[in-house]
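Here are my notes on the model you sent over, in numbered points. Have it open while you read, and click along as we go.

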Amino acid sequence: MVFLIALVASYDFNDWKKILWLATAFTIGHTITLVLCALELVYPDYSVIEFIIPFTILFTALLNLRSVGRRPCRSMGIKYMLTVLFGLIHGMGFSGYFRMLVGKSESIISPLVGFNIGVEIGQLMFLLAYLIITSLIVGFFKVKDKSRIVFTMGLCVGISLILIIDTWPF
């Protein structure tokens, strides 16, 4: 969820299409590796994956911090590609949890589809709640967008650094 916040914190309700496409790009990425891992075609080292995931959060937050106060990039292509790439990494992390849920089930297709739909719906509900809460805070306290983004990215950087330390596999 911290990755999703880092991903969309520079947007507001007016950018709902971009947010929806970013969430979809993330879902595409994590679905690919979730399927590959669930079908046991890929065997990630989960301790390394759990260590890499906070770096995706850190990179995304720093990228957004770098662009605060500047005109947003006209092309979202690079951001979508990075989101798919980071989704691939997160999908490997999801796969360990998914495998634990289904165990040695004969057919994993139905649980896999259900799990993925649940994750996507959960992500979209989380993003909607995030947008509502930030809109209320911005409206009530008259927080400027730049301050909101810098504060949120600072939280994401801090959380990612704590996670990097906590998941240090070496």
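1. Glutamate 40 counts as partly exposed, at 38% relative accessibility; buried here means under 20% relative accessible area, exposed over 50%, and partly exposed in between (1.4 Å probe, protein chains only). Glutamate 40 sits in the loop between H2 and H3, where helices (H or I, at least four residues) and strands (E, at least two) are DSSP runs, numbered from the N terminus. Its phi is near 60°, a positive value in a residue other than glycine.

2. Before going further, a word on what we're looking at. This is a predicted model, so local features need pLDDT of at least 70 and side-chain atom pairs count only at pLDDT 80 or more, while totals for chains, interfaces and linings use all residues. Residues are numbered from 1 along each chain as its sequence is written, and side-chain values use heavy atoms, with hydrogens and water left out.

3. Lysine 142 also deserves a look. Its phi is positive, about 55°, although lysine 142 is not a glycine. You'll find lysine 142 in the loop between H5 and H6, and at 68% relative accessibility it counts as exposed.

4. Now the inside. How many residues does the largest nonpolar core have? It has 32, and Val8 and Cys156 are those with the most contacts inside it. (A nonpolar core is a set of buried Ala, Val, Leu, Ile, Met, Phe, Trp, Tyr and Cys residues joined through side-chain atoms within 4.5 Å.) Helix H1 (2-8), H2, helix H3 (46-66), helix H4 (77-102), H5 and H6 each give two or more residues to this core. A second, separate core has eight residues, including Leu34, Phe98, Val102 and Ile108. As background, nonpolar side chains tend to be buried together in soluble globular proteins.

5. Zooming in on valine 8: leaving out residues up to four places away in sequence, it touches Ile19, Leu127 and Tyr130. Contact here means heavy atoms within 4.5 Å. Cysteine 156 is buried, with a relative accessible area of 3%, and cysteine 37 is buried too, at 4%. As for disulfides (a pair of cysteine sulfur atoms within 2.5 Å), the count comes to zero.

6. Glutamine 123, in helix H5, is buried with a relative accessible area of 1%. Which residues does glutamine 123 contact, leaving aside neighbours within four places in sequence? They are Leu4, Ala23, Phe26, Thr27 and His30. Glutamine 123 and threonine 27 are 96 residues apart in sequence, yet their C-alpha atoms are 9.1 Å apart in space.

7. Serine 95 belongs to helix H4 and is buried, with a relative accessible area of 1%. Not counting residues up to four places away in sequence, serine 95 touches Leu34, Cys37, Pro44 and Tyr46. Of these, Cys37 is the buried cysteine from point 5, and Leu34 belongs to the second core.

8. Over in helix H6 there's threonine 152. Is threonine 152 buried or exposed? Buried, at 9% relative accessibility. It touches Ile5, Ala9 and Tyr130, again not counting residues up to four places away in sequence. Tyr130 is also a contact of valine 8.

9. The structure holds one salt bridge, taking that as a side-chain nitrogen of Lys or Arg within 4 Å of a carboxyl oxygen of Asp or Glu. The partners are arginine 148 and aspartate 145, with their closest N and O atoms 3.5 Å apart. Because they are three residues apart in helix H6 (residues 145-166), about one helical turn separates them. Arginine 148 counts as buried, at 8% relative accessibility, whereas aspartate 145 counts as partly exposed, at 40%.

10. Last, the outside. Ile28, Ile32, Leu36, Leu39, Leu41, Ile109, Val113, Ile117, Ile121 and Met125 form a nonpolar patch on the surface, with about 920 Å² of accessible area together. Patches are made of residues with over 30% relative accessible area and no salt bridge, with like charges joined within 9 Å and nonpolar side chains (Val, Leu, Ile, Met, Phe, Trp, Tyr) within 5 Å; accessible areas come from the Shrake-Rupley method with a 1.4 Å probe, and for residues only the protein chains shown count as cover. Helix H2 (16-38) and helix H5 (109-141) each supply at least two of the patch residues, and the largest share, five residues, comes from H5. Valine 113, in helix H5, is partly exposed, with a relative accessible area of 45%.
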